[in-house]
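Morning, everyone. Please have a look at the model on the screen, and then I'll walk you through it.

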Amino acid sequence: MRAGFGLLLSASLLWANAALAASAATTGEERVAVIVSASVAINQLSAADVRELFLGRKQIQAGEHTLLAVDNADKQARDIFYTGVAGMNGNRVRAYWARVVFSAQGRPPPELPASEVGRRVIERPGTLGYVAASSVPPGTRVLFTFP
Amino acid sequence: MPTTVCLRFACLAVALLGPIGHAAAQDESAAQAGFGERFRVSGFGTAGFSAYSSEVADYVGTQQPDGPGRTGETSGSLDSNLGVQLDAQILPQLSATLQVLSEYLPEGNWDPRVSVGSLRWEASDQLALRVGRFQSSTFLATDYRYVRFANAWPRPPREVYGVQPTTRLDGADLSWQMPLRDGRLMIRAGGGEVTSGAVASTAGASDEIVYRGGFLRAQWEAGSWLASASLAHNRVTFAPSGVVGQALQLLAKLDPAAGEAAIVDDKPNTALALGLAYDSETWFVQAEWARAWNDSILIDRSGAYLQAGHRFGRALPYLMLAERWTHGQKIRSGIPAAEALLRVLYRNQHSDQRSATLGVNVELFDRAMLKGAIEWVRPASGGTGLQGNIGPGYSRESPKSERLFTLNLDFVF
């Protein structure tokens with residue numbers, strides 16, 4: 001029994017070390033831009049509003065539009081955005097939504113492939129998305145950049 | 001029966017999702033959302049492994065009949081589970097959820113059960129009504145305690161989450177939220193019927209306790225902080241089988257007044273729970289305290305825990321300390337034989353214990369978490385703590401400290 005515990009403890013320390021090494025090797029820093037259709041007038045929107053909107057805690061009206069959030073399926077963009085806006089990495093955001101979704105109290109924003117986010121923002125005015133800052137599509141306006 | 005009506009109502013709604021959803025497509029907002037965004041299948045699960053050092057007792061989950069230890073040194077049943085959920089946005093303000101969960105049950109099987117089957121109507125961005133079956137909301141994480149990926153511990157600390165053994169609730173609740181100090185305050189009030197497997201030390205593990213009543217919960221979220229307070233008041237009904245049932249019958253014959261006081265038939269129960277969590281990029285701290293009062297043979301209980309950890313990249317090593325107290329004998333008899341019987345009934349519910357857990361959670365990859373933990377369990381003298389399946393050779397007077405090793409893979413999809 002004691003030997004078994006020792007073996008399992010050693011194994012757990014090994015995978016903890018491996019994971020720490022993996023986290024240290026995170027890819028280079030990029031920036032993401034929060035975008036909205038250029039046709040939508042937004043006078044006041046703070047980073048805290050964006051956080052509350054993407055975490056489903058607040059509804060925000062911009063003129064005739066109720067703002068809607070869409071998530072980017074690209075893991076790196078998602079990590080940079082949520083770390084910047086809410087101090088949460090991708091899995092912490094997933095844990096947050098798991099708490100909401102599996103207690104039947106709400107739904108996360110729809111998740112779209114990176115190539116679809118810009119198109120959705122343009123096609124449905126009032127939609128907020130985030131894309132790599134280097135590939136902001138024409139017809140959209142940048143509200144914030146992270147980090 | 002209200003329970004059945006509520007559940008049937010929710011299931012019927014889910015069954016009708018297709019045609020209603022089609023009709024909803026005529027609504028402008030719903031028409032904009034594609035099929036994949038109106039209907040969503042998701043799930044969660046844990047592949048768990050645990051080993052317990054005792055040969056005379058099992059480490060059991062709050063409502064499980066056995067576990068690692070005496071039954072077998074290792075086990076996969078303590079934490080393993082699998083849940084699948086279908087969500088549907090029927091109308092912009094109306095959604096439905098059906099969740100089916102398979103886990104190790106008090107009956108000793110893994111039969112899938114409906115854990116959530118509810119309709120949610122958002123009357124405004126502040127007010128929402130939910131009807132059907134959902135998880136009771138007593139503690140900080142009761143609603144999503146099965147979703148181990150969403151929690152920092154391997155399983156809900158039994159010292160607290162067993163104080164009021166509640167599971168699914170068939171009924172309705174109303175939630176109202178408002179901005180408060182850079183955060184959100186949510187008040188939930190509801191009621192219905194909660195059914196729960198009996199605590200193993202109270203009676204046969206598969207006996208059901210039924211709570212009927214209401215609850216009020218306040219929760220405040222702001223940045224990294226989460227605080228909650230809840231109060232539940234119920235009427236409890238519980239007809240234990242086996243030795244405990246026979247003992248209660250004997251008590252009623254020896255002392256009818258004490259027997260009437262002891263019987264758990266529509267008796268009041270009140271539970272109060274407080275929780276506080278701080279979850280930032282670097283530190284994670286969570287603490288809860290809970291107390292339950294009963295007007296029957298069910299013993300009053302309290303529990304508390306404190307968990308604190310620090311994030312290092314994808315790893316969260318932590319320490320958790322937990323304690324359970326029971327509050328002694330409330331019903332007494334002037335008849336010696338009845339008093340002796342009452343003492344035995346109370347002593348068998350003596351579940352005081354302390355535990356310390358050293359663990360590390362590692363984000364393996366997107367949507368998956370590996371958790372390893374060692375828990376030291378120290379039952380208080382005079383009882384068995386929260387262990388189950390106590391065997392011959394167990395010393396109540398001087399119980400041994402034991403160790404539980406856990407290695408779990410938690411995931412969502």
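Start with the largest nonpolar core, which has 58 residues. Keep in mind that this is a predicted model. Which residues touch the most other members of that core? They are A:Phe81 and A:Leu128. The element that gives the most to this core is helix α4 of chain A, residues 90-101, with 7 residues.

Now zoom in on A:Phe81.

Next, the surface. Find the nonpolar patch of about 430 Å². B:Trp121, B:Leu127, B:Leu129, B:Leu174 and B:Trp176 make it. Two strands of chain B, β7 (127-135) and β8 (168-180), each supply at least two residues of this patch. Take B:Leu174, in strand β8. Is B:Leu174 buried, exposed or partly exposed? Its relative accessible area is 42%, so B:Leu174 counts as partly exposed.

Last stop, the interface. The size of an interface is often given as the accessible area lost when the parts come together. Between chain A and chain B, the buried area is about 4,200 Å². Carbon and sulfur atoms give 56% of that. On the chain A side, 36 residues are in contact with 60 residues of chain B. The rule finds 4 salt bridges across this interface. One salt bridge to look up joins A:Arg94 and B:Asp366, with the closest N and O atoms 3.0 Å apart.

Conventions:
Residues are numbered from 1 along each chain as its sequence is written. Chains are lettered from A and ligands numbered from 1 in the order in which they are written. This is a predicted model: local features need pLDDT of at least 70, side-chain atom pairs count only at pLDDT 80 or more; totals for chains, interfaces and linings use all residues. Side-chain values use heavy atoms; hydrogens and water are left out. A nonpolar core is a set of buried Ala, Val, Leu, Ile, Met, Phe, Trp, Tyr and Cys residues joined through side-chain atoms within 4.5 Å. Buried means under 20% relative accessible area, exposed over 50%, partly exposed in between (1.4 Å probe, protein chains only). Helices (H or I, at least four residues) and strands (E, at least two) are DSSP runs, numbered from the N terminus. Patches are made of residues with over 30% relative accessible area and no salt bridge: like charges are joined within 9 Å, nonpolar side chains (Val, Leu, Ile, Met, Phe, Trp, Tyr) within 5 Å. Accessible areas come from the Shrake-Rupley method with a 1.4 Å probe; for residues, only the protein chains shown count as cover. A salt bridge is a side-chain nitrogen of Lys or Arg within 4 Å of a carboxyl oxygen of Asp or Glu. Contact means heavy atoms within 4.5 Å. Buried area is the accessible area (1.4 Å probe) that two parts lose on being put together, summed over both.
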